[in-house]
Amino acid sequence: MAGSAALRDDAHAMQGELAQLRHRLHRRPEVGLQLPRTQETVLEALEGLPLEISTGEALTSVTAVLRGGRPGPAVLLRGDMDALPVQEETGFDFTSEVDGVMHACGHDLHTAMLAGAARLLSAHRDQLAGDVVFMFQPGEEGCDGAGKMLAEGVLDAAGTRVSSAYGMHVMSSAIPPAQFITRPGPLMAAADELRVVVRGAGGHGSAPHLARDPISVAAQLVGDLQTLITRRFNAFDPVVLTVGSFHAGTMRNIIPDEARFQATVRSFSAAAREQMRVESVRLCESVAAAYGMEVDAQYLEEYPVTVNDADHAAFAAGVAADVFGDERYAPMVHPQTGAEDFSRVLAAVPGCYLFLGAAMGEDWQTAPNNHSPRARFTDSVLSDGVLLHAELAVRALERDSAGEAVGAAVAG
């Protein structure tokens, strides 16, 4: 294993402080774009460091810029800070003190690791051939906090556009503890919403021929949309559609005027996403018209595909294997159907997003997964997450500085 021994030693030395910070964040979770207590905790954790700190206007974000000891480009490291509306059932002695809110996706670890990386790199800023932008982001869980931070200029916080960006997500299951994984190309799916309202004509359940039953049409559409995917889309460019909400009627013998459902749609290419946008709406309109009904079908785009630049993914994988050993890194075979608003960052600048196994104990294959009220993440990976953040920043700046020098020589 290579890497800076000083970085490694200092990262491991802060393990206790990292756990304390993580527990503090875990006890006081907040949801959405406004996380005032979380922001306050982050600012306290960064206090005294040689950082240029700014806070968001539309959201309680924190952006911190560390100027390196040598001139060069800037790289971005990101950690999301928000929790979920979930009632915790982990049994931790630092369990959430906020009723109905929990860090069920591990963002408390992300925040602690990024704060630790800011402290570690501040102590070793002489190694930096450029600047580091630390992006503490609210609102990843369905609020597009990344998009709002981009709109407020986080990519240019150092004065120039960052040359690359990196992020990391812990997993409470599915990955062996302390193992890093990633892949080039599509890493996570695009996420969109299909919202459908079928409008018929209400009547008595005993005489459906005198009414227009929107429930039967809406129910047919739930099945027809699955058939659309299997018969109109390439199996090697997959699409996933799940209807998670279906509402109609008030009584068993009353045909209502309307039925409505909502679905989440996941895709892995711009072509499949666009095809789904067009054909799902057309299917709904055609089926409803066949039964003499009207439909309001809306396809609402939410997050694009999270795409790792192939070169940067290979670089990040190499750093993980070099710093922690080959046994601690494994290539990720298939992308995940979850979505991530870090996709906004990677659509603007090249970079890589990784996953880190953080399951507690040996039952990582059957442990409750992210978003579960019983999701348990181990503190033991905190210092490793800090170290990888730091090594990625140091090495990416060296790499990007070399690339700039070559580019300038060629241009000259």
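The largest cavity is lined by Arg-24, Leu-25, Arg-28, Arg-37, Thr-38 and Thr-41. This is a predicted model: local features need pLDDT of at least 70, side-chain atom pairs count only at pLDDT 80 or more, and totals for chains, interfaces and linings use all residues. Residues are numbered from 1 along each chain as its sequence is written, and side-chain values use heavy atoms, without hydrogens and water.

A cavity is a set of points on a 1 Å grid over the protein atoms alone where a 1.4 Å probe fits but cannot get out; lining residues have an atom within 4 Å of a point. There is one cavity of 30 Å³ or more. H3 gives the most to the lining of the largest cavity, with three residues.

| Feature | Value |
|---|---|
| Space in the largest cavity | about 40 Å³ |
| Angle of helix H8 to S16 | about 40° |

Eight strands form an open sheet with mixed pairing, in the order S1-S2-S4-S3-S5-S16-S6-S15. Strands (E, at least two residues) and helices (H or I, at least four) are DSSP runs, numbered from the N terminus. Pairing takes at least two DSSP bridges between two strands. S1 (51-55) and S15 (329-331) are the edge strands. S6 (residues 180-182) and S16 (residues 351-357) run antiparallel, joined by two bridges. Ile-181 stands opposite Phe-355 in S16.

Contact means heavy atoms within 4.5 Å. Beyond its neighbours within four places in sequence, Leu-388 touches residues including Met-168, Phe-180 and Leu-354.

Note on methods: Axes are lines fitted to C-alpha atoms, for helices over the stretch in contact, and angles run from 0 to 180 degrees between N-to-C directions. On a 1 Å grid over the protein atoms alone, a cavity is a set of points where a 1.4 Å probe fits but cannot get out, and a pocket is an open set with protein on both sides within 12 Å along at least five of seven lines; lining residues have an atom within 4 Å of a point. Grid points are joined across faces, edges and corners, and a volume is the space filled by probe spheres set on the points.
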